[in-house]
Each structure stands twice: as C-alpha cells, then as structure tokens.
Protein chains: 2
Amino acid sequence: MKLLITGGAGFVGSRLAMRLLAEGELYGQKIDKLVISDQFDPPTSLSSNPKVECRTSPLLSQCEVLHEDRFDGVFHLASAVSGECEDDFDLGLRSNLDTTRALLDALRRAGNSPRLVFSSSVAVYGPDPAHPMPDTVSDQTLPMPQTSYGTQKLMCEHLIADYTRKGFIDGRSARLMTVTVRPGKPNGAASSFFSGIIREPLNAEVAICPVKDNVAHPVSSPSLTVQGLKTVYEASREDFLGRSAINLPALNVTVKQMLDALENVAGKSVRELVKFEFNERIAAIVSNWPKGASAQRAARLGLHSPKNFESIIEEFIADQKGVG
Amino acid sequence: MKLLITGGAGFVGSRLAMRLLAEGELYGQKIDKLVISDQFDPPTSLSSNPKVECRTSPLLSQCEVLHEDRFDGVFHLASAVSGECEDDFDLGLRSNLDTTRALLDALRRAGNSPRLVFSSSVAVYGPDPAHPMPDTVSDQTLPMPQTSYGTQKLMCEHLIADYTRKGFIDGRSARLMTVTVRPGKPNGAASSFFSGIIREPLNAEVAICPVKDNVAHPVSSPSLTVQGLKTVYEASREDFLGRSAINLPALNVTVKQMLDALENVAGKSVRELVKFEFNERIAAIVSNWPKGASAQRAARLGLHSPKNFESIIEEFIADQKGVG
C-alpha cells in the first residue's frame, strides 16, 4: 500500500512514520511506499529509508498533482499552530482550511476513496456565554472554539465528514490532546510551558512556569498519540461510530501533579529548577482551555490514557537517549 | 446608514427589504441606501425604490470591490439550496463557503467592523450514530449535518464567529426554520411539499403529500422569520449571548396539524385536494430532519413562534392578495 503523511517531519508525524515503517504494515496491508510531505526535511532516519519519498514544500503547492499518486491511506497532520494562526489570520486560513480542502479535492479526484485520518485538536472546545464549558470535555460536548486554530480544525472536521458522506474519501477525525514532552526549544505557543517545565529541568536548566500549580489540562504522550492515530485508521466505520470526530484519550493532570511526577522520576533538586513567575497573558489564554477531557469512543476502540505522568516523563527520557 | 442584503431578491430577502424600507430605519439609524445583491432581479416594488441599488450577478463576483462600499450592516441570505448542493458538490462549496468567505474578507478589508446577520439553517442538525438527535433540537444540541448544505452553513457559522472574535465584523448567525408557505411553483427541494400541500389546494389544485401525516417538522412564517433576522441584528452582544448561532423560533407541527389548519381556514373540500402518495426517497430524507426545534435564546430576545398553523396560512393568503 501507498501512504501519505502530511506534516510527516514534525514531532508527531515523524514518530508515526517511524512506527509504521518499523511495523511494515497497516490495517493488514504491507506498506510499499510512504510519502512524507512537510515544509521541513524529515530526520535522516526517515529520509534514508528506501520506502520513504520526501516532498519538502508547502502542502498546498503539492496538492495540484497529488491525485496522480492514488494513495491508499493518508494521515493529515500538517497544520499551522495555534500561535501562528492568532498572529497571522490569513496564514491560518491558508495553511489549515485551504490546504485541507485542496488535499481533499486531490484525493477525491484520484477516485479511489482513500482512507484519511485527520489530526484535529482539543482546541475545538472553549467557553461561550451561551455554552459554558464543562471541566471535562467529552465526545458529546458542543465545540465552541476560542481561537482561529480551533475554528479551522472544527471546520475541517465537518468538511471531512461531508467528503466521507459523499464517498469521496473514507475520513475520520481524531482530536489530539496536548502532546508532552516535546523535545527541542521552547516555542511561542502558550502551551509551551507544559513541556518546558519538564524538559528544561531534566537538562539541568531553570524553567519558568507562568501559571499557578493548580492549573489542570488534558495531555498525552507521543507514543499513545501515535497509537491513537493508527487505531483510528484501522477502525471499521461501525466501530468508529459514524462520521463525527472523537477525542483521543487524555491524562488529566494539574501542574502540581506534573511536578510531583518529575520529582518522583528525577529527584527534588530537578523539580526545584522550576520557578513560578505568573504571566497574566498566558494564564488568561490557558483559562479558556479545557481542564480535562474524556474519550468514551476512543475507549471503545481499545485506546487508553497514559497511566500516569511519570510514564510520560520516562518516555521522554528514553526518547532523548535514542536521539542522542 | 448603508445596508446590504445578499439574496435580497429571494423569498425571505425581498420581504426583509420591503419591511426595512417601510420602517425606514434599523437599530435606530435612518436607512439611506439599501443594496440588493442577487443572481436574479428583485421585484419592481423594490427596484423602483429610490433608496435601492440592485446588483444582479453572482455575489462571489461582486466581493472583489465590495470593501469600497463600507456598509454599516449586512444581512447575508444568499445561498445555494439544499437540493442544489447535493446534486453539485462544487457549486455548494463555491456558493456557500467560498462566497461567504469572500464577503467576510471584503467586510474586513473595509475596516469598519460592520454588523452582519447570517441566515444559517435548522439543516445543521442531523442524526449520527454517536450523537442521536433529540426529537426537539435546541440551541444546546450538537449540530451534525447530514447534507452538504448543512455542513457549509455550520462551517460559515464558525467562520463568522471567528471573524467576529477578531473584531473584523460584528457577526451573528440565526438558524432559520423551514419557512412556509412559499409562493410559486414546487421546486426540487425535498421540503417542497411543506408549502405545496397548502399552496396548491388554495389554488384549487391537487397536491401530493409524499410522507405520512404523522411526520413532524419545525416551521415558521415569512413575517416572523423577517422579524427574527431584524431582532438578531438589533440585539446587543450581551443580549445575544456570545458568538455561537441561535435557533429562530419554530412552530413544531405534524402534516396532519397542517392539514387540519387548512381545513379550518379554507374548508373540507380544499383539504381533500391533498392526496397521499408515499415516496420512499423523500420520506428517507425527511426522516433525517429534526421533528421539532426550540429557541430559548431567541425567546430571550423577545422572539416568539407562530401561534398556530392557521395564522401561517392566513399570512400566505393575505400575501397572495397583495401580490395579485
């Protein structure tokens, strides 16, 4: 089979690609070719694999001829992130809405109704005066995005559901939780500290936590997120239950629980590298995010939450060793 | 003030235009100019009004220069209808999604954050295996469209909410119920019979009802729909409650109640012109539609349902006399 991963050089995309190549098959079919589409080059461990073809340019520009590939399956992870979309409204619409539509039209034009998994986001949820957000959002919660990123993800979910209803593709949308611990440098995202307060101390650096330690948030690990995307791909339509989006499982943790876990794994001195410097702007953004999420439909597919935050930290440490 | 009504030559649009011109003001501001944009020419009663400027061409082609107008307010009613969108997928996306986005970008470019009322639809609701639809859909019901038309309306609701959040426009979305009794000929819409079973008998013609008489549906009258759009325009943001869409009030009636009302207004012989010929295809489509709708937020704004179906029939009869 011939697969496409958009955003395949990214944090989640490259891990998904590595796993699929290691397993050699998906949904019982041998993977003959894996196309990685991304703005950036994937790691050499991916690009050197003989089954991998890298296409390094904006996805929108690739869509014109994409129908010629007749992919059997697609993981659509390419996306401008939350902060970028708030700073540049047109960029967000182009990167997220227009690009997704161009991709869907290319797959429709191919004519073979390929299976597609779309990485949506817990960012589709938000509070609205007419729709107060529950502390724990579920598959049944009315999405009311409070960012352009969340709005575009939600619009794409519905577009994908309609292309699926028409038989142009066999699409499924999975809402990802905040994936931690991200490697690398802090980025401009308001959620950056959810990784920073673990990553920096483990590297013997001071980290600033801009919110109070009772802030709660639904997170997941890279490996369980990759597992979630794969399972959603392999689910039958009946098991998936219709065409609406599902939440992937989350571990609902407070900042304090994250730091307790850090201390359990790495000791008190490491935890003490985290300093609290309250940042009003970031705290205000975070207060619009869900405090937790449930995932009943994902559980029906056999998916589960990370068992605790310690396991997420241990995965990060093992991952770093693998890279190093 | 300078107003734009897109789809202003249509069934609801032309009635809204007539009413606004008759009242001469909106939201306490004198109406100096009313631009009617439509694919078709509006009735002479509108086009002959010195305050009216008609622009007769596809709205999408008008959007390029629309920022120059700097409208104070917009009623965006232009839309391809449900049946058209099912028959021609690209037409639906172009007429509903692309055109709305081009309109929003023109208003954003104008830079004066105009107020905009968008006519969304009860078609955003539908049953999904994971989200069974309640018999009566409310403002709180999770929309799960089962048509391209409903999908595009829902996507536009969220797009408008985000343009509003960014301050580019001051937008509000109101979900219209099925507006009856439509004048003219039957059209290809599956809902056509909801008007036909009243209109044809009143014109001494036989009408075919393709569904059983226990089928229930949320309907409203042209005048209360126009009132709803005007009230939503005039509502403060606080009274409207946030940026999510609201249902306009509905009268939830069965076909039997509609025909009882017809008999009450026009007599038994008129009712007997309605023949039942069950049509599996139409019945299947209708079974995916809400059986009723509630409108708690509209009620907060002082809007109410038609008091009974007799009043809707009487409005139609009076309206026909006015035209004739």
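Two strands are said to pair if DSSP finds at least two bridges between them. Helices (H or I, at least four residues) and strands (E, at least two) are DSSP runs, numbered from the N terminus. The structure is a predicted model, in which local features need pLDDT of at least 70 and side-chain atom pairs count only at pLDDT 80 or more, whereas totals for chains, interfaces and linings use all residues. Residues are numbered from 1 along each chain as its sequence is written, and chains are lettered from A and ligands numbered from 1 in the order in which they are written.

In chain B, β10 and strand β12 (residues 216-220) pair in the parallel sense over 2 bridges. Thr178(B) has Val219(B) as its bridge partner in β12(B). These strands belong to an open sheet of 3 strands in chain B, ordered β10-β12-β14, with mixed pairing. Because β10 (178-179) and β14 (251-254) of chain B each have a single partner strand, they stand at the edges, and one side of each is left without a neighbour in the sheet.

In chain A, Phe309(A) lies in helix α14 (residues 309-323). Phe309(A) is buried, because 24 other C-beta atoms lie within 10 Å; the cut-offs are 20 or more for buried, 12 or fewer for exposed, and partly exposed in between, with C-beta atoms placed from the backbone. Leaving aside neighbours within four places in sequence, Phe309(A) is in contact (C-beta atoms, placed from the backbone, within 7 Å) with Leu251(A), Val253(A), Gln257(A), Met258(A) and Ala261(A).

Terms used: Two residues are in contact if their C-beta atoms, placed from the backbone, lie within 7 Å.
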